[in-house]
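Hi,

Here is the structure I promised to pass on to you. My notes on what turned up in it follow below.

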Amino acid sequence: MKKTGLIMVIVTGILLIAGTTEFPDWADPNSPASSHVSPYYILKAIDDTAVPNVVSAVLADYRGYDTMFETAVIFAAGLACFFLLRQFNRKRAKTKMYRHVPTGIIIDIDEGGKLPEENSNFERIDSQWTPYDLIIKTTCRIIIPFIQVFALYVIIHGHHSPGGGFQGGVILGATIILFAISHDLRTTIKRLSEKMASVFSSMGVFLFAATGMLCLLLGSVYLDYSALSDLLGTDPVMARSHGILIIEIGVGLSVMAVMIWLYYNLSSAGKHNEGL
Amino acid sequence: MNIVSLILTISGLIFFFGGAIGIIRLPDFYTRLHAAGKLDTAGLLLTMSGLAVYTVSELSLGSLFTAAKIMFIVMLIFITSPTATHAIIDAGFIAGLKPWTKQDQITARESEPTDSQEE
C-alpha cells in the first residue's frame, strides 16, 4: 500500500512538473492571462459587481469555483488531521488530578473514586500543571472580544478593504486558540466542542456550495450571484456584491472551525483530555 | 506642534535603538527579553504618539479620527506586549532556566579562556 502511494505521488508529481513547461513565460505580456483576462477584471470589476476591492471580486466571484475548492481543501485538511490523530477511549489516564485552590494541595483520585463537586474549592488540573497566571488570563479575557470584533470586521468589510473570509476566519480561530493557551484545553472544549467545530467547518463549505447551487436552481450558471437578485430584492449588480458577502461568511466559518479543530487534535495528540 | 512630534518620535527611536542593542549584547534569555519589552512598549508608545501629534497638527475631523486610531493601536500594544513578555519569561522560569549571574561569566572564562576576548 505504501509503495502504491509512493508511485502515485511520483507519477502525479512528474505529470504536474511536465505540465508547467506548457505555461507561458514569467510576466509574458502576450499570455492569455495578461492580454485579456486581467485588464477585463481591472476595468470591469466595479461595474460588474459593485465591489471596490478587485481582489475580493476576482477571488469570490470571477474565480468562485476555484475558491470553493480551496475551502474544501481546508476542510479536507481538518478531516485528515482528525482521522490521523484522533483517539477514542484509548489509554485513558487512570487517575484524575485535582488541586485544592486555597491551600495548593494536589490530590490524585483513582478511577471510581468520589469526584469533587463542580463549584467546590477544587479545580481539575493537567498532569503537567502550569501555575495559575492571573495576568495572562485577565489580559486574554480583555483582548479576545476586541480581536473577535476585528475579525468580524475583516470578514464583513472584505469588499472594500484588504481582507475577506480566509483572513477573518484565521483571526477568529486564533482567538479561540489564544483562549485555549491562556486557560486550558478542557475549558475551551467545554465552550466550543469538537462537534461544533466539525459542524461549523462543514457548514461553511456547504454554505458556499449551496449558494452556487441556488444560483443554478434559479436558472443561471453555478455561482453566478446575479441570479439571486429577486431573492435579495436588489438589482443584479448589487446581488453579486451580496453573494460575495455570503460566501465570504461561509469561508470564514469554515476556516475558523478548521483552525480550532486542528489545534484541538494537534495540541493533545488526539486525546482531547489535556493539552497545552 | 511639529517640534513636539519630532521630540516624541526621536525619543521613541532612542528606545528602539537601546532595545536593539540590548537584544544583541545582553548575556541571557531574561535580560534580552527585558530589553525587548522596553523596545516594544516604550518605543512604540513614543513614536506612535509622535505620529498622532503630527497628524493632529492639521486640525480636522478626519485627522482627529486618524490620531484616535493610532492611540487605539498604542493602547492595544500597551496591554498585550508586556503580557507577552511576561508570559515568555514565566514559561522560561517554569521550564527551569536559571537566570544569568556574574558567577556564570567567571566560570565560563575559566573553562574556555579563548571566549574571554569576545566579552
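Arg63(A) and Asp66(A) are joined through their side chains by a salt bridge, at 3.4 Å from N to O; the term stands for a side-chain nitrogen of Lys or Arg within 4 Å of a carboxyl oxygen of Asp or Glu. Arg63(A) is partly exposed with a relative accessible area of 44%, and Asp66(A) is partly exposed too, at 35%. For these labels, buried is under 20% relative accessible area, exposed is over 50%, and partly exposed is in between, using a 1.4 Å probe and protein chains only.

Before going on, some housekeeping: this is a predicted model, in which local features need pLDDT of at least 70 and side-chain atom pairs count only at pLDDT 80 or more, while totals for chains, interfaces and linings use all residues. Residues are numbered from 1 along each chain as its sequence is written, chains are lettered from A and ligands numbered from 1 in the order in which they are written, and side-chain values use heavy atoms, with hydrogens and water left out.

Over all chains, the count of salt bridges comes to four. One of them pairs the side chains of Arg240(A) and Asp61(A), at 2.8 Å from N to O. Arg240(A) sits in helix α10 (residues 236-267) and Asp61(A) in helix α3, so this pair ties together parts of chain A that are 179 residues apart in sequence. Both Arg240(A) and Asp61(A) are buried. Another salt bridge links Asp184(A) with Arg186(A) at 3.7 Å, N to O, and these two residues are buried as well.

**Around helix α3**

Helices here are DSSP runs of H or I with at least four residues, strands are runs of E with at least two, and both are numbered from the N terminus. In α3(A), the buried residues are Ser56(A), Ala57(A), Val58(A), Ala60(A) and Asp61(A). Their cover includes α2, α4 (64-85) and α10 of chain A, where contact means heavy atoms within 4.5 Å.

Asn53(A) is in the loop between α2 (32-49) and α3 (54-62) of chain A. Asn53(A) is buried, at a relative accessible area of 15%. Leaving out residues up to four places away in sequence, Asn53(A) touches Gly158(A), His159(A), His160(A), Ser161(A) and Pro162(A). The Asn53(A) side chain also comes to 3.0 Å from the backbone oxygen of Ser161(A).

**The sheet**

Chain A has an open sheet of three strands in the order β2-β1-β3, with antiparallel pairing; two strands pair if DSSP finds at least two bridges between them. The edge strands, β2 (106-109) and β3 (122-125) of chain A, each pair on one side only. Strand β1 (residues 96-100) of chain A is joined to β2(A) by four bridges, and the two run antiparallel. The hairpin of β1(A) and β2(A) has five residues between the strands, and Gly104(A) in the turn has a positive phi of about 85°.

**Cysteines**

How many disulfides are there over all chains? The count is zero, taking a disulfide as a pair of cysteine sulfur atoms within 2.5 Å. Cys81(A) is buried at 10% relative accessibility, and Cys140(A) is buried at 9%.

Best wishes

Definitions and conventions:
A polar contact is a pair of N or O atoms within 3.5 Å; within protein, one must be able to donate a hydrogen and the other to accept it, and residues adjacent in sequence count only if both atoms are side-chain atoms.
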